[in-house]
Structure formats: C-alpha cells, structure tokens
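Me: I am new to this structure and would like to go through it slowly, asking what stands behind each description.

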Amino acid sequence: MSRVLVVEVIGILWLWVWIAMVEAEYVKYKDPKQPVGARVKDLLSRMTLEEKIGQMAQIDRSVASPAVMKTNSIGSVLSGGGSAPLPEATAEDWVNMINGFQNGSLSSRLGIPMIYGIDAVHGHNNVYNATIFPHNVGLGATRDPNLMKRIGSATALEVRATGIPYVFAPCIAVCRDPRWGRCYESYSEDHKIVEDMTEIILGLQGDLPANSRKGVPYVGGKKKVAACAKHFVGDGGTTKGINENNTVTDKHGLLSIHMPAYSDSIIKGVSTIMVSYSSWNGDKMHANRELITGFLKNTLKFKGFVISDWQGIDRITSPPHANYSYSIQAAIQAGIDMVMVPFNYTEFIDDLTYLVKKNVITIDRIDDAVGRILFVKFSMGLFENPLADFSLVNELGSQEHRDLAKEAVRKSLVLLKNGKNGSNPLLPLPKKASKILVAGTHADNLGYQCGGWTIAWQGFTGNNYTRGTTVLSAIRSVVDRSTEVVFQENPDSNFVKSNNFAYAIVAVGEPPYAETAGDSMDLTMMDPGPTVISNVCEAVKCVVVIVSGRPIVIEPYLSSIDALVAAWLPGTEGQGVTDVLYGDYQFSGKLPRTWFKNVDQLPMNVGDSHYDPLFPFGFGLKTGSLPGIVGRSTSAGVVGRPYIVFIIVLVTLNLLSHR
C-alpha cells in the first residue's frame, strides 16, 4: 500500500471518528431549534423508569436539597403556605435557594431542570414585601377582565423576581355557598363572571401566539410564569359549603356551572390544572378517571399536566394515607401526572415503581404523565433558562404594582348603603372636619386587611409581617392637616357621645382564615364588631367598612348605619379604600355574590326560587366624584350639606335644559 493511500485511509478513519463524536455530542432534546414534541420524545427515550417517576414527584422545599434533587430526579419543588427560605426573606434569598436546588437537578445524568411552584393567589402572597392584591371575591366585584390581565402580569413579574416560574393560580371555583372557607378565592357565584376573570391567565403566562392550538400550554418568556387552574372540578359546590366535601349535582349541573371556566382556561393556554380534594356525588375527584382523563384530557383536549393538591392522593382513602399504594394506583390511573407529595417522596417513588414493575400501572400511562410534564418545561424555556438571576428583584413590591393594587381596591369596593332611609347621603366624606373617629378591629391591622394566604397559610394579625398601608394610616394621610383623627379600636358609647365627632369610620369584619379553618355555619362578625357598630353608629354619623371574605350577617345592625361599604379583603393597599370614601374616585363595584338576610336562607344564589336577598347579586350604589365640594369644612350634623349644593346645581341645569 502506498504511503498516499495510507494517509487517505487514516484521514477517512479520523473523519468517521470525528463524525461519530459530533453525533454523540448532539442530543436532540437539548436543541431549542427542534420542535417541542420531538424533544419530549427524544428525552423520554433516554430516561429510566426511576428518572420518569422522579419527574412525577413534587416535594416541599423543607425536604429538598441539591443532593435529593440529583439522586431522585425530582420533577418539582414547591413552597407550601408560608414555606420560605427564612423570615422576611428577600428576592435574592429566594433566588439563591431555588438556584441551589436547580443546580442539583442540572447535575443529574440527564440534567432535567426542576420546576419550582408556589401559591400566588392574590399577588406573590408568601413573600415579604410583595404587593398583595385583593382576594378574588373583591376582584369579581370589579367586573374588569382587563384589570385581571394586568394583575396577572404584575404578579408574574414579582414571582419571577424571586426565581420562581410556576404559580398555583388562578382559583376558578364557583362558590355557591358563602359558608365555604375558600369562598373568597372564588370570583363569583356566577360562572360567567368566573369565566371572564380567567383573563388573568393571559397576564400570568402571556398572550397566545396567533397559530396556537387549543389546549397547548404556553408561557411567553422569562417574565411570565406557568399558571394552574384549580381546583378541578366542583370545589365551590359542596353541601353546606363544607371544605373538601361532596358536591351533589347531576352532570348537567357540573358542566353548566363548575366546568365552563376550565374550558376557557384551556383555550387560553393554561399550563397545568390542579385536582380538587372534593368529591362529585360521592366519588373523590383525585380518583375520577371519567372527568380527569375522559373529559379534561380527551374531550377538552388539555395538553398540559394535571397536578394533585397537597397530599391530595392520600385523601382518596378515609382516613388519609390508610392504603397509600391503592391511592397512588387510583390517582395515576385517573390521569394525575404530577403528585404533590410533599414530604415522604421515597414512599411515593418506591410504591409507584413497584406498581409499574408489577404491571398494575402501564408504562404508557407513565410516559403520558412524564411527557406532559416535560412538554410544559420545554414550552416555557426551562431547559434554556433553568437558573434565575437578580435582574428582576426590583419588581417585588414595586410602586407601579402597588398603584395597580390600589386601583383594584377602588374598583372592588361595593357601596351597599348611603344615607339612612335613602336620604342625606354620607359619602363621599369631607377631608376637612374638626375631629373624626376611626374605630374597629380592622381599621389598623394589615393582616386582617389581607386575609388568609398571606405570608402564612392562615394569614397573620398586626402590621409587622409585611409592608403595606392600613385603612387608618390611609385616612391620616388623606384628610386635611387641620382634621384631628382619633383612633380607638373599641370605644364605649360615652366616649363617642362626649367628643363631638364630625363623623366616624368603623372597619370591622372577619379574622384571617384559609381552607377548612374558614368554614362557618353562622357567618357572624368578629367580636367586638357588633358592639363597636352599636356604640359608634348610634351616637354619630358613621360609615361601616366590612372587611371580609364573603357576605356576613349585617341585617341586625343595618338600621343604625348611615353608609355601608363591602371592602372584601383588599390586601396591602388600604389607600384604595380611602380614595373612594373621600370621593377622589367613584364607587363602581357590584356584588359578585348575593348578600343574604340570614344564614337559614343558604345556599341562595341568583336565579333560585327562594331568592330573597338583603342585597341582590350585582347590587352596588354609586357616588359622584366631587373633589371641589367634598373638601369643604363640616361638623357633626351637617355632613350631608355638600350634596345640597350638588342638588341645586342639578336642578338648575335641568330647568335650563327644558326652557
């Protein structure tokens, strides 16, 4: 063989080796130019059973570590209610913690990034210094889908500021009984309003591309988050509003009241859907194959992943966790793709692995679940951008977002009464007065103002756990400098009578609560609320501001009240309340729920044959914005006089127009 030929052969051999090396280095699932479906298929083909099952587990941050993530190929980590890196953690603290877990995932054999999830149900509610928006019941009173979209965008920015790409929101329950402890998480008793409010999904995830196919999840980049419509389905329809209980209705009732918002969410590209703890006609939703696989995946064509609620599959049995292997089998075969474990992940992984190896659960069902999880991760760009940075940290609690929250508060307020016997309206209040009284448990308590799901799962009390503006501090900032503001949480009647107050603002309502802790069969006001109303409103003109997650018993006190405002759970921006009380903005909110006379009427929703409300669904009075008039001085007994000028002007204009 000639030397030239030898050189050519060696050259060809080296070329083959080089090509083989290039091909070995090229991995299709790591190529962002490949279609998402092709990347999912390629990655699935490389995964072991153990790696697949690890992707189906979501664990709480308290049991996560880089080593746990790497060793078990864990698919997701979450912060449960109040689960934070440390008290008053900064955005940087969150980013550093989450990147630590993510680096563990990226160092695994296939480098599949985990997805971090958190409840962000009214803003980034677990996080210190975040903007807390009104709870959903208040947002339902706004009737403003565009506002919802903007709130979604702001929430996404604040969540991404802390390095988190996934939120368990929105709750699209249709609450049919205010005795339910989660009723404030529902936009309305009317499914049409709930459907309208799914616009928040486009704010959280981004606007769908023009060529988007129905049911395909979409997240538009690093400033958006994957959303989660919850809780599928019928959680707001349980008997007597008992949390996690049984919704008794025929299929038509389920599909016409509780299902429409899910169809809307899927059309809007929602990435994930969370299953409800509740049952439908006695069958646990977490084990309902007909609805999860049959209706949600096959009929509605949902292509994202279905996630369980917190220890949701455990509760398939009674007592919970009594037969965990059966619960896993029932849930996975029903169509649940990711399981919020959240603590004992080894038991889940071991039991599911055993069930697959024994052919109780098919590998096709596992591949469907994992394929859906990977599809969402690829679609949102998690493989290309798995790690967070500090570029968005200033978005957390930004003034722009607080201004948006203030707007939301203003639009959510519902004016139920203005003037005794419909005359001498008290609102809007004058900013200039000799002396005014502010009273009630909820006037100077940020925790009460925000409600449950704020910093801690059950919320908090006081003003020290996050940043915001209470109603009292907002009043002090908005009234004239010459106006003396006196605050007493629970004043006695003699004190009120002897002080010659021009008027009083009384803020009372419910304490914070979440889930089952909020179930209430009597829906009464928190003590000493009724006493404060009696002591104050029988001695001086008063506006009562109800801070609550739902309608509560108010009829017995109504006759003594001059003006009544439903403020719901407004969040951190209390100035939104005073903006409207003092006439800088007009009342525009409408009741998203029927306000009952007494609890014996419940459940009672618009359209029911026994409908006899104190204030009907959609009710809401209006006031004009009259800054030139409301700023004038007043004293006790003449608060209504600015309206005399207004009426004279209206009458004069009316006469002139008929000349």
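Me: What is the order of the strands in the open sheet of 3 strands, and what kind of pairing does the sheet have?
Reply: The order is 6-8-9, with mixed pairing; strands here are DSSP runs of E with at least two residues, helices are runs of H or I with at least four, and both are numbered from the N terminus. Strand 6 (246-247) and strand 9 (283-284) stand at the edges, each with a single partner strand, so one side of each has no neighbour in the sheet. This is a predicted model, in which local features need pLDDT of at least 70 and side-chain atom pairs count only at pLDDT 80 or more, while totals for chains, interfaces and linings use all residues. Residues are numbered from 1 along each chain as its sequence is written, and side-chain values use heavy atoms, with hydrogens and water left out.

Me: How do you know that strand 8 and strand 9 are paired?
Reply: Two strands pair if DSSP finds at least two bridges between them, and 2 bridges join strand 8 (residues 279-280) to strand 9, the two running antiparallel. Serine 279 has lysine 284 in strand 9 as its bridge partner.

Me: What confidence does the predictor give the protein?
Reply: On the pLDDT scale, which gives the predictor's confidence in each residue from 0 to 100, the protein averages 93, and 91% of the residues score at least 70. Over residues 625-659, however, the pLDDT is below 50, and beyond near neighbours in sequence this stretch has 37 contacts in the model, a contact being heavy atoms within 4.5 Å.

Me: Why is histidine 258 called buried?
Reply: Buried means under 20% relative accessible area, exposed means over 50%, and partly exposed lies in between (1.4 Å probe, protein chains only). Histidine 258 has 7% relative accessibility, so it counts as buried. This histidine 258 lies in helix 10 (residues 251-258), and its contacts, leaving aside neighbours within four places in sequence, include Val174, Arg176 and Thr247.

Me: Why does asparagine 385 count as partly exposed?
Reply: Asparagine 385 is at 34% relative accessibility, and therefore counts as partly exposed. Asparagine 385 has its place in the loop between helix 15 and helix 16 (399-412).

Me: What makes the buried residues of helix 14 line one face of the helix?
Reply: The buried residues of helix 14 are Tyr345, Phe348, Ile349, Leu352, Thr353, Leu355 and Val356. Seen down the axis of helix 14, these fall within an arc of 160°, so they line one face of the helix; the arc is that of the directions from the helix axis to the C-beta atoms. On the other side of helix 14, Tyr354 and Lys357 are exposed. The cover over the buried residues of helix 14 includes helix 3 (49-55), strand 1 (57-60) and helix 4 (66-72).

Me: How does the reach of helix 14 compare with what is expected?
Reply: The expected span is 1.5 Å times one less than the number of residues. Helix 14 (residues 345-357) has 13 residues and reaches 18 Å from its first C-alpha to its last, close to the 18 Å expected.

Me: What is the handedness of the β-α-β unit made by strand 1, helix 4 and strand 2?
Reply: A crossover is right-handed if, with the strands pointing away from the viewer, the path from the first strand over the helix to the second runs clockwise, and strand 1, helix 4 and strand 2 make a right-handed unit. Strand 1 and strand 2 (residues 76-79) run parallel and are joined by 3 bridges, with isoleucine 59 opposite valine 77 in strand 2.

Me: Why is strand 5 described as largely enclosed?
Reply: In strand 5 (residues 228-232), 5 of the 5 residues are buried, so the strand is largely enclosed by the rest of the structure. Strand 5 pairs with strand 7 (residues 272-275) in the parallel sense over 4 bridges, and lysine 230 has methionine 274 in strand 7 as its bridge partner.
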